[in-house]
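Here is a short tour of a fold, meant to be read with the model open beside you. Have a look at the sheet and at the packing around it.

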Amino acid sequence: TDILEEFNGVLTKKKPKLDSLINDLWAIFMVENNVSIRCVESRSFRDFARVVNSNWKYANRHKFSNNFIPAISKSIQKKFVTYAEKNNNMLTVEFDHWSDIVSRSMLGVIFTLPDGSRYLQDLIDVSIDGHSANKTLLHLRSTLATIPISSINSIVSDSASACKLTRELLVKETDFKHVIQHRCMAHLMNRMGTVFGDNEHIRESFTWASKVVNSVSHNQKLLAILRESHQRRPKKACQVRWFSTVNMIESLLDAKDSILNTFQANLAQTRGNWDWMEDEFSWNNIKRSLQILRPLADCIALSERKTGSL
C-alpha cells in the first residue's frame, strides 16, 4: 500500500525514481504470486514491459534477487517488529526442518500472533550445519535476537529428538525462562494416526486404496474419461502427512462409481488386469477404515487452522 501511494505521488517526477517504484511493484507481484524471477528474462515479459511503459528500465533478475526482494523482506520485518512492540503481543515461535525442491535442508522459523496470523521470520539453509540441537539453538538465538525477547510467550516444534532438545535448552537460558515450550499438537495427532494406521486391517486398506489410485493415475484413457464426465481424479496420499491418506480414501470413494462404470464400459478388453479393483470387500474395508480415522483427521485439520484452539 505504501509503495502504491508513493507510486501515485511520483508519476510526474524524475524517471529514475519511477523506474525504481515500478521495479518495487513488480518484485511484490512476483513474491505474492510465486512467479519465477527468471520471468524478466523472457521475451513475453519484454513485450509486456514495452507495451505498459516503453521507457521503463526494468531490473535484471540479479537485482531483483539481491536488492528489490530483500528490501521487501526488510520492510515487512520492520513493520512486524514495530507492530509487535506497540501492541505488546505475545508471540508463539514455531520452528521445523524442511527440504526444498533441490533437497537443501532448511530451518524455518515462524511467529504466530494471538489472532492466528503468521509471519515467516527466517528460512535458513542448514545443509552443512545439520539438524543437531546445538546448531539449531545457535540459529534460533540469532533469529530471535531481532525481536523483544519479552514478547515471546511459547516455542513449539514437532517431537523430533533434536527439536525437543533445542526447546529444552533454550528455555533453560536466563533470557528465555519465561517461555513455555511444548510439542506441536497437530504433529502429535499425526503420530497417533500413524499408530492407528499400523493396525493390520487398516494398513491393508491403505495399501489397496493406494494401489487403486496409482492404477487410475497411470491410465491415461481412464483419466480422460473421468475428466469428460467432470469427475475429479482420486488424490494421492503424501508420506509426511498422515491425514492425507484419509483424503485419498474419501476422494476414491467419491469416484468409485465413475471409476467402475468407466472400467466396465470402456476397458472390458483389459478385464484380466482390473478384476481386483471390483472387489466389493476391499471397498467396504476402506469405507470402514474411514469411519474410524475421519474424526482424528478432523482434529488435525482443526489444530492447523488459523483459528484452531485446544
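In what order do the 5 strands form the open sheet? The order is β3-β2-β1-β4-β5, with mixed pairing; two strands pair if DSSP finds at least two bridges between them, and helices (H or I, at least four residues) and strands (E, at least two) are DSSP runs numbered from the N terminus. Please keep in mind that this is a predicted model, in which local features need pLDDT of at least 70, side-chain atom pairs count only at pLDDT 80 or more, and totals for chains, interfaces and linings use all residues. Residues are numbered from 1 along each chain as its sequence is written, and side-chain values use heavy atoms, with hydrogens and water left out.

**Antiparallel pairs**
- β2 (residues 105-112) pairs with β3 over 7 bridges, and glycine 108 has leucine 123 in β3 as its bridge partner.
- β1 and β2 are joined by 8 bridges, with leucine 107 in β2 as the bridge partner of histidine 97.
- The hairpin of β1 and β2 has 5 residues between the strands, and serine 103 there takes a positive phi near 70°.

**Parallel pairs and the crossover**
- β1 and β4 are joined by 4 bridges; threonine 92 has serine 154 in β4 as its bridge partner.
- β4 (residues 152-157) and β5 (residues 180-183) are also joined by 4 bridges, and valine 156 stands opposite histidine 182 in β5.
- From β4 the chain crosses through helix α6 (residues 161-172) to β5 in a right-handed β-α-β crossover, meaning that, with the strands pointing away from the viewer, the path from the first strand over the helix to the second runs clockwise.

**Nonpolar core**
- The largest nonpolar core has 27 residues, including Val216 and Leu252 (a set of buried Ala, Val, Leu, Ile, Met, Phe, Trp, Tyr and Cys residues joined through side-chain atoms within 4.5 Å; buried means under 20% relative accessible area, exposed over 50%, partly exposed in between, with a 1.4 Å probe and protein chains only).
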